[in-house]
Amino acid sequence: MANVSVAAEWQLLYNRYYRKPELYPLRWKNIDLSRNKVACAPFGGPIAVIRDDSKIVQLYSESALRKLRIFTSSGVLISDTVWKNPGGRLIGMSWTEDQTLICIVQDGTVYRYNIHAELIEPNVTLGKECFEQNVVECIFWGNGVVCLTEGGLLFCIPDFKVMRPCQLAETGAEDLPNCMAVIEPKYTVSGNVEVLVGVGDGILIVDEDGVQRVDGEAVQGPVQKMVVSWDGKYLAFFTHDGRILVTDINFKGVLLEYNCESALPPEQLAWCGLDSVLLYWDDTPLLMVGPRGDPVHYFYDEPLLLIPECDGVRILSNTSLEFLQRVPDSTVSIFKIGSTSPAALLYDALDHFDRRSAKADENLRLIQSSLPEAVEACIDAAGHEFDVSRQRTLLRAASYGQAFCSTFQRDRIQEMCKTLRVLNAVRDPDIGIPLSINQYKLLTPSVLIARLINAHRHLLALRISEYVGMNQEVVIMHWACSKITASLAIPDATLLEILLDKLKLCRGISYAAVAAHADKNGRRKLAAMLIEHEPRSSKQVPLLLSIGEEDTALMKATESGDSDLVYLVLFHIWQKRPPLEFFGMIQARPLPRDLFISYARCYKHEFLKDFFLSTGQLQEVAFLLWKESWELGKNPMASKGSPLHGPRIKLIDKAQHLFAETKEHTFESKAAEEHAKLLSPVGGLFSALLKISPWSMLPTFRVDIIGSY
């Protein structure tokens, strides 16, 4: 009886079954799809709704303020904002892969919103031609858009992450196209976006480099509507005489041809997976056609919006959200009426076992050789179910069969249980992300967690991260930054305790990044308290400098023993503070002081002299002066009678006077005095005598002095 009730919900299209379970009764109120522009994100993403200003609205029926509202797929309001953007009528609206809402208005301006209805600056324009000619149509794909102007020009943004508009080749057609479709760059040979344009009696392929006309038997007469399959391999199009045709993307053969009752083009044309095509008119049932067999009709008494997914179509109405998909083969093998497949017998064996019937053992004996395949089919069918009770029953059947199958992989059921727990958690109406298992695998857990984080579902994201064994640092970091932004009224000390309580859950987390966010939000004191908990000096010190804590930064850099960090702090303070204040900071710290002296000896003699004078180290200044005189002596222009000879003697005299002020450097003072005398005109004769005298009782520096002449 269970098989009968399940299969009764299916529709047969040739030899393939389709089902349409309801995902949610929508929680929103007073939303009429026929009077609004609606954009639905793929992979069970959010729904953006704004009043369509091209439609007549009943007076007093809505607020005078036009609002952009963002809902979950279950109709729960996430955020809203008043639409204030100039630029004319809203032409197109769609979600990007990272769930940024793109809104394009008549003058070609592109506005971007996050999921919290916050405008993302700066705005981008499609160019002067769009501003002058006005945009009349937009065709979106995953991360880009093609826009058509009143003058028939095509403009493209290939990637919303880069936001670089470009103009495509001109079609040369006198009239505007009947319809357009886009082949995404990842499916084209050139790697550039290609636009299929229905013009006149044929189809043109337009890209940046040129225009190519489609030649093929399939295209005969004007095309009114067309859409490319999600894998970029097939094209479905509606002709002027009411036919729906499907060809491969190269137009080499007709895979499907069906004569519709109406010659008027459908308002919406969408692929349902890769096996069928949906057509929707306002006043007729929703039509689904496949390669063979009679079409299937679905009856509705309210407006619909078709949302294509990789494995089906979500059908949005004013009151509900449904998911139309092909029934998986594993599910068909179990629940098809009269099925005698091993999986169906295993499912039936569980039912007999629960009723304590001996027929359970009989069923198991019949499928003993095919038991691994039956167990696998039950597990796979459970993964494709949205009904939790049916998931549980199918997994129990798989577990029951596994007990009698020693060759089956034991952790397969555990993996599916883990996946279904994640899917059921995000499918909850309060969360409103109705992912199928195929969509979940294509999206990946990391992207799902990122979407939960952006929606500020941090607790669920944290639990899923922990459950699937992923790094929790990203979740905790985003939560901490969001908490700081939203807690401006909480005192710094209280907020610090709240943050530390959660940050300590993840070892190795970057306190510096959280502190940087606090500083960016104007909470410098909180940032300083947070940075104290950062164990890595390489991240701690730069941030301390950025928030003006130079003293602490110098102390932390010194404690780390990293000379590069110390130099980073020294150069920063050197530029920011007066010299005397800088000298006072490094004097009492041996490592920074020595590193500064080593650097200044090579590149900053004058600054080093100021440092030694400020700290009373006169002998060090004298040595620097003496060294300068020696360097000056290497210059050929410093010989006697030259302009540099006098300054050289003056430097030595200054050094001698500074040596003379300290009792410990009497020898250096006397040596400098003698050096100056040797360089003087009187000492020249003495120097000449030295060259022929065997007298060797000279100071240790005599050879240098003589060699300079």
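Predicted model: local features only at pLDDT ≥ 70, side-chain atom pairs only at ≥ 80, totals over all residues.

Student: At what angle do α10 and α11 pack?
Tutor: Helix α10 (residues 445-454) and helix α11 (residues 458-468) pack at about 160 degrees, with axes 8 Å apart. The axes are lines fitted to C-alpha atoms, for helices over the stretch in contact, and angles run from 0 to 180 degrees between N-to-C directions. So α10 and α11 are roughly antiparallel to each other. Helices here are DSSP runs (H or I, at least four residues), and strands are E runs of at least two, numbered from the N terminus.

Student: Which residues in α10 and α11 meet?
Tutor: From α10, Ile449, Leu452 and Ile453 meet His458, Leu460, Ala461, Ile464 and Ser465 of α11; contact means heavy atoms within 4.5 Å. By class, that contact has 6 nonpolar, 2 polar and no charged residues. Nonpolar covers Ala, Val, Leu, Ile, Met, Phe, Trp, Tyr, Cys and Pro, charged covers Asp, Glu, Lys and Arg, and the others, Gly among them, are polar.

Student: And how do α4 and α5 cross?
Tutor: Helix α4 (residues 342-354) and helix α5 (residues 359-366) have axes that come within 7 Å and cross at roughly 160 degrees. That makes α4 and α5 roughly antiparallel, therefore. In α4, Leu345, Leu346, Asp348, Ala349, His352 and Phe353 meet Lys359, Ala360, Asn363 and Leu364 in α5. The residues of that contact divide into 6 nonpolar, 2 polar and 2 charged.

Student: Switching topic, which residues touch the most others in the largest nonpolar core?
Tutor: Leu346, Leu448, Leu452, Leu499, Leu503 and Leu530, out of 94 residues. Helix α6 (residues 371-383) gives the most to this core, with 8 residues. A nonpolar core is a set of buried Ala, Val, Leu, Ile, Met, Phe, Trp, Tyr and Cys residues joined through side-chain atoms within 4.5 Å. Buried means under 20% relative accessible area, exposed over 50%, partly exposed in between (1.4 Å probe, protein chains only).

Student: What does Leu448 contact, skipping neighbours within four places in sequence?
Tutor: Leu448 is in contact with Val422, Val426, Ile433, Leu435, Tyr440 and Leu443.

Methods
Residues numbered from 1 in each chain as written. Heavy atoms only, no water. Parallel < 35°, antiparallel > 145°, perpendicular 65-115°, else oblique.
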